[in-house]
Amino acid sequence: MITLGFVYVLAGLTFALFAVLGLLDRTNPKRFGNGIFWGLLALSMLAGDRLGDFGNGLLVLALVAIAGTGQIGRAPGGEIAPEIQAERAAKHGPFLLLVALIIPAVALAGTFLFKWVPGLADPKQATLISLALGVLIALAVGMARLRPPALLPLEQGRRLLDAVGWAAILPQMLASLGAVFALAGVGEVVGDLIGTAIPEGSLFGAVLAFGLGMALFTMVMGNAFAAFPVMLAAVGMPLLVKQHGGDPAVVAAIGMLAGFCGTLMTPMAANFNLVPAALLELKNPYGVIRAQIGTAVPLLAVNILFIWLFAF
Amino acid sequence: MLVLIGILIIIAGFLLRFNPLLVIMASALATGLAAGLDIAAIIAAFGKAFNDTRYVSIVWIVLPVIGLLEAYGLQQHARTLIGRMKGATLGRLLTSYLLLRQAMAAVGLTSVAGHPQTVRPLVAPMAEAAAEARNDALTDDQREEVKAFAAATDNIGLFFGEDIFLAIGSILLMKGVLEGYGYQIEPLHFSLWAIPTAIAAFLIHGFRLRRLERRMQKPGASA
């Protein structure tokens, strides 16, 4: 049976190859930093379960030390000239699109297949496993037809990853910070603060505090999952459900979505907001957030209104 | 109250544009110390969480495929395709993607599309080409805004579609937390109550995409 372990090995090998190619790239003055950084990430993927908690912590400290002191960076150049790309696109265009669609198509088919036919792959991780299989199939099909130099996919993939840089591990770092916040009881303290700020007896005031609190606390934590239990304990349960008799399913479901509006407006949700800006090579790292605020603010107002209308 | 120091460090660090990895580490250490943990325990807690959340970073395995396809001109081909479709305006293109992303997420297919898999190689170049088709003097700032909206549309489609699916993490979390308070609620109830917001998200963002299309038709320095 295929498990998530297979995907970690695949990711570990990919990062290891990126590390070796980065180390060998003499055009890049930061090649040693790059090599060690992606090498450590490969180690984490391949052997993270055997390093122990403290060992993993030291690995993170090393990653932060390398990236935080500016030791990683991309080499100049390496792009294929636009004219060559255009010439190749005219020749291979429809085939390229087909290969690009293999990844989502296999992810889709595998998700269903692994859930219907038990025993092939871990059904809980069906989509991630299928995504990895899709990558392998697309790579095989692309290589067979295009016959590029053997290292071209890795060299070009590395160039894209170097453009993203340390932002590539930002989502994982923020998720880990959330775990430390939980351990230290940050959520309870924030919840108490918001709970004391609500005017006594006002239903709309309580709904407003709940919705805004979900969005604001999500912005701080970068994740509505962290905000939800805290805001429910501080405001949702005692005031909206117990005191005013609100429907807990509505309070929870739409409250969570109010939190998602916060996710659209915060750099703490790095994988949705900062990583795409790096991946699309935008000049403004907050460009994606700027594009989202105009949707997030009115939608948050709508969610607060929906709780008020539907829960009582 | 002292544990809130970590939040202050995060806000100050992001505002002053220090390297976010350093800011996160400083925040974790300060928060842990304020809560009375020793340094070794904080490092171990952080390391454990980092290891447990590795699945967040495996999406980068798609890069060799994207790199290969882009080297052979995938982005150019995506642009050419849009150029041939006369009805494919910027607004219609991104609104269709929004609907598709919401619908896929609503049936649990959240990782099928995404920024590395679909936005960078396909949606962003197509959006750019659709904007160029109506305005041959697209400025760099306008180009940036179109790309940013392509990414934003992916996020909004994902967020306000996924909670309609029964077995998504957030629904299981809600069910678990409410059970702790003694409420037994079927996942279906949470799913149904996600639908009004999903419709509102489509209408609001769809309206903004129409306005984006109009704005991009005018040559000018609108940022």
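At what angle do the axes of helix α1 and helix α4 of chain A cross, and within what distance do they come? In this predicted model, the axes of α1 (residues 4-24) and α4 (residues 126-146) of chain A cross at roughly 40 degrees and come within 9 Å. That angle makes α1(A) oblique to α4(A), and the crossing is left-handed. On the α1(A) side, the contact is built from A:Leu4, A:Phe6, A:Val7 and A:Leu10, while α4(A) brings in A:Leu128, A:Ile129 and A:Ala132. Sorted by class, that comes to 7 nonpolar residues, with no polar and no charged ones.

Next comes the meeting of the two chains. Here 97 residues of chain B are in contact with 114 residues of chain A. The chain B side of this contact splits into 65 nonpolar, 23 polar and 9 charged residues.

Among the residues making the contact are A:Arg290, A:Gln292 and A:Thr295 of α12(A), along with B:Glu144, B:Glu145 and B:Asn155 of α8(B). The class count for this contact is 7 nonpolar, 4 polar and 3 charged residues.

Chain B also holds a bent helix. Helix α7(B), residues 115-134, bends by about 35 degrees at B:Val123, and the proline B:Pro125 follows within four residues. Of the 20 residues of α7(B), 17 are buried, so the helix is largely enclosed by the rest of the structure.

Note on methods
Residues numbered from 1 in each chain as written. Chains lettered and ligands numbered in written order. Predicted model: local features only at pLDDT ≥ 70, side-chain atom pairs only at ≥ 80, totals over all residues. Bend = angle between axes of the 7 residues up to and from the residue. Helix = DSSP H or I, 4+ residues; strand = E, 2+ residues; numbered from the N terminus. Buried ≥ 20, exposed ≤ 12 C-beta atoms within 10 Å, placed from the backbone. Contact = placed C-beta atoms within 7 Å. Nonpolar A, V, L, I, M, F, W, Y, C, P; charged D, E, K, R; others polar. Axes fitted to C-alpha atoms, helices over the stretch in contact; angles between N-to-C directions. Parallel < 35°, antiparallel > 145°, perpendicular 65-115°, else oblique. Left-handed = near helix turned anticlockwise from the far one by under 90°.
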